[in-house]
Amino acid sequence: MGASRSDSDRRIGRRALLVGGAAAAVGTAVLAREELSHLWWRLPGVEKPRTPGAVDFRGAQWLSASSANYRRADRPDDYSIDRVIIHVTQGGFASAVKAFQDPDHKAAAHYIVRQDGHITQMIRELDVAFHAGNREYNERSVGIEHEGFVERRSSFTDAMYASSARLTAGICKRYGIPVDREHIIGHVEVPGTDHTDPGRYWDWDRYMGLVRSAKTTKS
């Protein structure tokens with residue numbers, strides 16, 4: 001499985017601390033309810049309203065990962081997003097979904113791309129998925145799993161490349177991420193990882209070309 005186990009930290013009382021800090025900044029002034037509402041949602045680390053089942057990529061299917069496999073956050077307000085990390089599941093789509101919904105797995109990626117090009121989102125992009133095996137990289141990245149095996153060239157289909165490229169291009173547009181190999185990387189390139197995905201058969205030149213093309217196409 002491309003995703004790695006990590007990240008079990010706790011953030012206690014962040015909201016209270018942030019609100020307290022905001023109150024201190026304005027002294028004893030009484031904030032109007034509307035003004036406070038606007039200030040509240042601009043404060044880093046304060047959770048935004050969520051719609052159950054909402055997806056960040058149009059056309060993706062929502063299947064929720066276990067809450068044990070990610071940390072709720074408010075990216076990019078609390079953590080900047082500047083990386084996309086490419087993974088390979090080392091198994092079928094169903095087995096990846098099952099693993100990401102298992103609280104004992106302690107790992108999951110934001111997306112899974114099937115060989116037929118279908119995209120499933122399991123974690124919102126604003127949340128920190130435990131997929132890279134490196135806390136700093138988890139906090140700054142979106143993880144995309146791809147159905148298949150690193151040692152099977154046939155795993156990486158035309159439909160998968162095209163669909164994944166559109167997904168990555170959309171992520172890059174949303175967060176202003178440069179489309180280059182410094183910011184779109186494989187799991188193997190994450191510091192401290194023992195994973196090898198996406199492996200030697202992943203065609204980076206082809207993939208990056210597709211991402212660039214998709215990023216310049218008006219949606």
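Predicted model: local features only at pLDDT ≥ 70, side-chain atom pairs only at ≥ 80, totals over all residues.
Biologist: How do you know that the length of H5 is close to what is expected?

Modeller: Helix H5, residues 158-175, has 18 residues, and from its first C-alpha to its last it reaches 26 Å, which is set against the 26 Å expected at 1.5 Å a residue. Just after H5, Gly176 takes a positive phi of about 65 degrees.

Biologist: Which residues touch the most other members of the largest nonpolar core?

Modeller: That core has 30 residues, and those touching the most other members are Tyr111, Leu167, Ile171, Ile184, Trp202 and Tyr207. At least two of its residues come from each of E3, E4, E7, H5 and H6, and H5 gives the most, with 7 residues.

Biologist: With which residues is Tyr207 in contact, leaving aside its neighbours within four places in sequence?

Modeller: Tyr207 is then in contact with Ile86, Tyr161, Ser164, Ala165, Thr168, Ile184 and Trp202. A second, separate core of 15 residues includes Ala96, Val97, Ile112 and Ile123.

Biologist: Why does Ala107 count as buried?

Modeller: Buried means under 20% relative accessible area, and Ala107 has 0% relative accessibility, so Ala107 counts as buried. Its place is in the loop between helix H3 (93-100) and E4.

Methods: Residues numbered from 1 in each chain as written. Heavy atoms only, no water. Helix = DSSP H or I, 4+ residues; strand = E, 2+ residues; numbered from the N terminus. Expected span 1.5 Å × (residues − 1). Core = buried A, V, L, I, M, F, W, Y, C linked by side-chain atoms within 4.5 Å. Buried < 20%, exposed > 50% of the residue type's maximum accessible area, 1.4 Å probe, protein only. Contact = heavy atoms within 4.5 Å.
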